[in-house]
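Please consult the sequence and structure shown here while reading.

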Amino acid sequence: MNIKYYGDTIIPNQKSISLCGPTPRDNSILSWRADALKILKNLNFDGTVFVPEYSSDFKFNNYIEQVNWEREAYLNSTIILFWVPRHFPDMLGLTTNVEFGYWLKSRKCIYGRPEYAERTRYLDWLYNLEYNKEPYNNLENLLQESINLVNQIFQTGKEI
């Protein structure tokens, strides 16, 4: 598995998953993406994972550089995975709401949230409307299905 964090070079046309969703704003809260990466490793994912977080002391010069990196990652992802463990006030996911609506029409999204997630009813409804699927409520199941979809797309060349 190849992990690409903020600032890493994005190479197009690779088998890849972007990990979209809220990022903790408090360093005392562990990001859900750490668990996601462990699960992907245990599931033997052999593609690239785009992680919109910092892995080192690297910092963008400004906000525009950061969001441009994210956009480039999402454009070049095979699957854009949305996991929304929304909890007030620690994990609001306000930007996630906009990203979800923006990228949903790309036809390469998969979505889930834990049962305890707050205020996800509209996301659930929209995902069901656009993809005729219910949201996943287990991160491991969501990641496994993401791997299945990535492999299917690379084998058939068809969208999800």
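Aspartate 46 counts as exposed, at 55% relative accessibility; exposed means over 50% relative accessible area, buried under 20%, and partly exposed in between, for a 1.4 Å probe and protein chains only. The model is predicted, so local features need pLDDT of at least 70 and side-chain atom pairs count only at pLDDT 80 or more, whereas totals for chains, interfaces and linings use all residues. Residues are numbered from 1 along each chain as its sequence is written, and side-chain values use heavy atoms, with hydrogens and water left out.

**Salt bridges in general**
- Side chains of opposite charge can pair when their charged atoms come close.
- Five salt bridges are counted, each a side-chain nitrogen of Lys or Arg within 4 Å of a carboxyl oxygen of Asp or Glu.

**Lysine 15 and aspartate 46**
- A salt bridge joins the side chains of lysine 15 and aspartate 46, at 2.7 Å from N to O.
- The two residues are 31 residues apart and link distant parts of the chain: lysine 15 lies in the loop between β1 (2–5) and β2 (16–20), aspartate 46 in the loop between α1 (32–42) and β3 (48–51).
- Lysine 15 counts as buried, at 18% relative accessibility.

- Arginine 113 forms a salt bridge with aspartate 124, their closest N and O atoms being 2.7 Å apart.
- Both arginine 113 and aspartate 124 are buried.
- Arginine 113 also meets glutamate 115 in a salt bridge, at 4.0 Å from N to O.
- Glutamate 115 is exposed, with a relative accessible area of 58%.

Definitions and conventions
Helix = DSSP H or I, 4+ residues; strand = E, 2+ residues; numbered from the N terminus.
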